Amino acid sequence: MQEQSLRQARAQYDDLLTLQREQLVAVQDQTIAFDIRLDATDKLDARDGIAQQFGVAPQISTLEQMVLPKDESLLGGEIAALLGASKGFSFARNSNPPMILFVFGRKRVLPVNINSMSIKETEFSADLNPLRAIVSVNLTVIEGKNVPYRYSKAMVEAMSVLNLSNAADAANVVLPG
């Protein structure tokens, strides 16, 4: 069987609805990627004791803890043991990553998993505590019938409807041939 180009395959259909029914479309998970810039300069100027002692290390540590399931941390293992859980600390990765609620303003509240996190410490104190760092984060949105996802999806749809007010402006744009 000879392979066809996408244009040739679509040319077989006179009716767009038939073409739509025949197409197989795979939609990737929604991902969000961003950089966080941490800087202890303002807190150092304000003589903040924690910033003077540790720089931005506490903020970096908090972000690192979001990647590990609670029962895999040293403290989480101790708390589980105190509560009578039989499973203690383990160096093995849990197959279920922790779910994080990503809140980015009032319109985006999404349950996510952290796919990757890269930390680049760029400036240090005399005792080598990080004073500045860039943290690159990549998240996958956990879609489904959960309340945070449905709320954010409704907000996206509402914003899209608001964009229709710009449709008249788009009709006045001339596209180059």
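These are my notebook entries on a predicted model, written for someone meeting the structure for the first time.

**Entry 1: the overall layout**

I began by listing the elements, and the protein has 8 helices and 4 strands. Reading from the N terminus, I noted the order α-α-β-α-α-α-α-β-β-β-α-α. Next I looked up the surface: the accessible area comes to about 13,900 Å², and carbon and sulfur atoms hold 57% of that. Of the 177 residues in the protein, 20% are buried. I also checked the contacts with a separation of 6 or more, and 57% of them join residues 24 or more positions apart.

**Entry 2: the sheet**

In what order do the strands of the sheet lie? I found S1-S4-S3-S2, in an open sheet with antiparallel pairing. At the edges sit strand S1 (31-39) and strand S2 (100-103), each of which pairs on one side only. From one strand to the next, the twist averages 40°.

As a reminder to myself, strands of a sheet pair through backbone hydrogen bonds, in a parallel or an antiparallel way.

I then followed strand S3 (residues 109-124) and strand S4 (residues 130-141), which run antiparallel and are joined by 11 bridges.

Which strands does helix H5 touch? Helix H5 (residues 57-65) packs on the sheet and touches S1, S3 and S4, with its direction at about 145° to that of S3. I looked up helix H7 (residues 147-163) as well: this helix lies across S2, S3 and S4 and runs at about 85° to S3.

**Entry 3: the aromatic rings**

I searched for aromatic pairs and got 2 in the structure. In one of them, Phe34 and Phe102 are stacked, at 5.4 Å centre to centre and with 20° between the planes. Phe34 belongs to strand S1 and Phe102 to strand S2, so this pair ties together parts that are 68 residues apart in sequence.

Phe102 also pairs with Phe104: the ring centres are 5.7 Å apart and the planes are at 10°, so I put this pair down as stacked too. Together, Phe34, Phe102 and Phe104 make one aromatic cluster.

Is Phe102 buried or exposed? Its relative accessibility is 12%, so Phe102 counts as buried. Phe34 has a relative accessible area of 26%, so I wrote it down as partly exposed.

**Entry 4: the loop between S3 and S4**

Ser125 has its place in the loop between S3 and S4. Its relative accessibility is 18%, and because buried means under 20%, Ser125 counts as buried. I looked for a side-chain partner and found Asp127, joined to Ser125 by a polar contact of 2.6 Å.

Leu128 is found in the loop between S3 and S4. With 64% relative accessibility, Leu128 counts as exposed.

For context, most residues other than glycine have a negative phi.

**Entry 5: another positive phi**

Where is Arg47? I found Arg47 in the loop between helix H3 (41-45) and helix H4 (49-54). Its phi is near 60°, again positive in a residue other than glycine. Arg47 counts as exposed, at 65% relative accessibility.

Note on methods:
Residues numbered from 1 in each chain as written. Predicted model: local features only at pLDDT ≥ 70, side-chain atom pairs only at ≥ 80, totals over all residues. Heavy atoms only, no water. Pairing = 2+ DSSP bridges. Helix = DSSP H or I, 4+ residues; strand = E, 2+ residues; numbered from the N terminus. Axes fitted to C-alpha atoms, helices over the stretch in contact; angles between N-to-C directions. Contact = heavy atoms within 4.5 Å. Buried < 20%, exposed > 50% of the residue type's maximum accessible area, 1.4 Å probe, protein only. Areas by Shrake-Rupley, 256 points an atom, 1.4 Å probe, with all protein chains shown as cover. Phe/Tyr/Trp six-rings, centres within 6.5 Å; stacked < 30°, edge-to-face > 60°. Polar contact = N/O pair within 3.5 Å; in protein donor to acceptor, adjacent residues only side chain to side chain.
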